[in-house]
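I opened my notebook to get to know a new structure.

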Amino acid sequence: MANNRTIVIDPVTRIEGHSKITLHLDDKGEVVDARFHVTQFRGFEKLCEGRPFSEMPSLMARICGICPVSHLIASAKACDALLAVRIPPAADKLRRIFNMAQIVQSHALSVFHLSSPDLVLGMDADPAKSNLWGVFEKDPQLARDGIRLRQFGQQIIERLGGKRIHPAWVVPGGVSEPLSQADRDAILYSIPEALQIAVRTISWFKQVTGSFREEIAAFGNFPSLFLGTVKEDGSIAFYDGKLRIGDATATLVADGLSPARYFDYLGEKVESWSYLKSAYYKPKGYPDGMYRVGPLARLNVADRCGTERADQELAEFKELQRAAILSSFHYHQARLIELLYCIERMEQLLTDPEILSKHVRAVAEPNAQEGVGASEAPRGTLFHHYKIDDHGLVRWANLIIATGQNNLAMNRSVLQVARHFVRGDKLEPGMLNRVEAVIRTYDPCLSCSTHAAGQMALRVQLVAPSGEIVDEVARP
Amino acid sequence: MTASANVKTFQINGRDYSARAEETILEVARQNGIFIPRLCELEGLSTVGACRLCLVEVKGSNRLLASCVTRVEEGMEVTTNSERLERYRRGIVELLFTERNHVCSVCVSNGHCELQFLSQKLDITHIHYPYRFPKAEVDASHGRFVIDHNRCILCNRCVRVCDEIEGAHTWDVMGRGIDARVITDLNQPWGTSDTCTSCGKCVHVCPTGALFEKGRSVAEMEKRRNFLPYLQLMRGDQNG
């Protein structure tokens, strides 16, 4: 009797958005296939059609409440391209700070609020305790640090943009208001504490990784391409730069790629089982052109960060593996290094006297009918691409979101983890949690990536080929 | 007849007031700091009593009267606020929200919108009628201004200011009932209008984000209306 079965994890918890995971088992109870389904649909690319381009940054920011700033930045850059203007230098710097504040708060959310329960309490911890409250009981300092660091990022966003979520401050041509001296000083004043927390957290993380050797070996540990933005000197870039693609041997596959020509080398494929499109590197085809984006990819392709402490940490990080760092478990550490870099870099930018310039907006009518804006969001490279008509109304839009670019790798990672940890036909919470935890390393933002709508929880089913549910575990 | 004979004495919300006979209840209320909601009426333009938000109760009348077009009368007893009036006003504003596609969060007038202000003032947190979600166009053919029919509440202010103050009469209303739309000239793209002088008065009297200046981003469209009473005064002098 054929005894193939499917395990469904629905929904996946402690991530941003709605998804489920199915694991297909053979008659010996071994995992043969795994899929990460994104079950929400948003439709932003369609609903913006007919809107004036000048509304696009704020309209697109509504895609996400976690990373509205990332969409504001990429969208405003696409609109700058439509205006065909060079934005004032102060606006450029202010946007950079804004983007980095977003990366700090989002990375803090990912590391502390979403993943630290796995790291502090262990992968096999009671699901009821596996949350920030559980971390509070075990390591109150760490939990407090996480909340403080996220607050630090959010407060910078508020000081610059007027509010923490969905600020309308970033506009085509620059930003709407200059930075006041009082706000600049207040942000600078908060930096030393944030820096201290970042340093403290990295050293804590390096201590705990030792107890996750098995996870490191099985959490998305496979060769793939890595894509990230770098400055001209090869150092890490978040706001602007050229794209670089490296492979598992740390050899550059492509360098100096213009983000505005993304469609020449990046393709998107739709699979019938997910609302999330899968991006791939065109020259290698689908699915061999699988690549990863985000903190791990950025650090893999960048030569250096460009700030003192972050560069020290990066050097140590690059020692983890001889060539490229492959295990997705290391996304966590990469995230912390980026966080450290962003804090250091924000301080540099804020002490530049030009930052207080009142000239922060270039005004123009649209001079181009097509524009691409790309930037590094917390989860990876983000592309916004618009076409407008003669009157400035959007007629076509395409977004490529970081999580979509990680889709193939996330699917492969789920399969790898499931093959390693899922055994037989009895489901254990720790086993399910590892399947989810590997997804968390990518910090996917599904509402963004499907430009999608919803509530999270977790359900895993074992389904026989006949459709019979053999076993089911559900989390409220 | 003496000037004093033209003065009427009456009550609003139980307090005595006096005003000239040609003044409306809404004008007197405004002069005395009594809030009566309205969206179509605007100081400096003629009144049409279209939005029905300024309805008030007058003792002895079963009907509710639109205070913008009702003149004060001797001995009149007016109530500007009651449970019944609140209910009607809330219903009217809710229906306005359902009629077109109003999305405050991504609107150029967010934070500066009369419809938004009124709904906050009337404590509207939910809409109890089904939304219609009509397919409405955005006309951005004009070089400086945009009309977004999604946000139009048909208050007619643009029609009146263009006709009465600018004297161009570019704007008018086409269609009936739920199909009514404001149009430029003979229902042609605004940018092709022969009569439009591009003065922008329509944009600044518009209570919502339906009419706005091109290139404005979300929450950036603030309307300036101080010019209206002054212009009306000047036009009045010329005509008189």
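Here are my entries, in the order in which I looked things up.

**Entry: before starting.** I note that this is a predicted model.

**Entry: chain B overall.** I began with the secondary structure and found six helices and 10 strands in chain B. Next I looked up the extent of its C-alpha trace, which spans about 55 × 50 × 30 Å along the principal axes. I then asked how the radius of gyration of chain B sits beside that of a compact globule. A compact globule with 240 residues would come out near 18 Å, and chain B has 19 Å, so the two agree. I also looked up burial: 37% of the 240 residues in chain B are buried. Of the contacts in chain B with a separation of 6 or more, 64% join residues 24 or more positions apart.

**Entry: the domains of chain B.** I found chain B divided into domain 1 (6–80) and domain 2 (86–225). The C-alpha centres of these two domains of chain B are 25 Å apart. Where they touch, domain 1 of chain B supplies 12 residues and domain 2 of chain B supplies 16 residues. What classes make up the domain 1 side of that contact in chain B? I listed 10 nonpolar residues, one polar and one charged.

**Entry: the domains of chain A.** For chain A, the assignment gives domain 1 as 5–40 + 423–475 and domain 2 as 86–215 + 328–363. Their contact takes 13 residues from domain 1 of chain A and 12 residues from domain 2 of chain A.

**Entry: where the chains meet.** I looked up the contact between the chains and found 17 residues from chain A and 14 residues from chain B. The chain B side has seven nonpolar, four polar and three charged residues.

**Entry: the nonpolar cores.** A reminder to myself: in soluble globular proteins, nonpolar side chains tend to be buried together. Here the largest nonpolar core has 199 residues. A:V104, A:I337, A:V414, A:A418 and B:C158 have the most contacts inside that core. Helix α4 (residues 89–121) of chain A brings the largest share, 13 residues. I also noted a second, separate core of five residues, among them A:L119, A:V120, A:L142 and A:A143.

**Entry: one residue up close.** I picked A:A418 and set aside its neighbours within four places in sequence. That left A:L23, A:V31, A:A34 and A:V435 in contact with A:A418.

Technical notes. Residues are numbered from 1 along each chain as its sequence is written. Chains are lettered from A and ligands numbered from 1 in the order in which they are written. This is a predicted model: local features need pLDDT of at least 70, side-chain atom pairs count only at pLDDT 80 or more; totals for chains, interfaces and linings use all residues. Two residues are in contact if their C-beta atoms, placed from the backbone, lie within 7 Å. Ala, Val, Leu, Ile, Met, Phe, Trp, Tyr, Cys and Pro count as nonpolar, Asp, Glu, Lys and Arg as charged, and the others, Gly among them, as polar. A nonpolar core is a set of buried Ala, Val, Leu, Ile, Met, Phe, Trp, Tyr and Cys residues joined through C-beta atoms within 7 Å. A residue is buried if 20 or more other C-beta atoms lie within 10 Å of its own, exposed if 12 or fewer, and partly exposed in between; C-beta atoms are placed from the backbone. Helices (H or I, at least four residues) and strands (E, at least two) are DSSP runs, numbered from the N terminus. Domain bounds come from an automatic or database domain assignment. The radius of gyration is taken over C-alpha atoms; the globule rule is 2.2 Å times the number of residues to the power 0.38.
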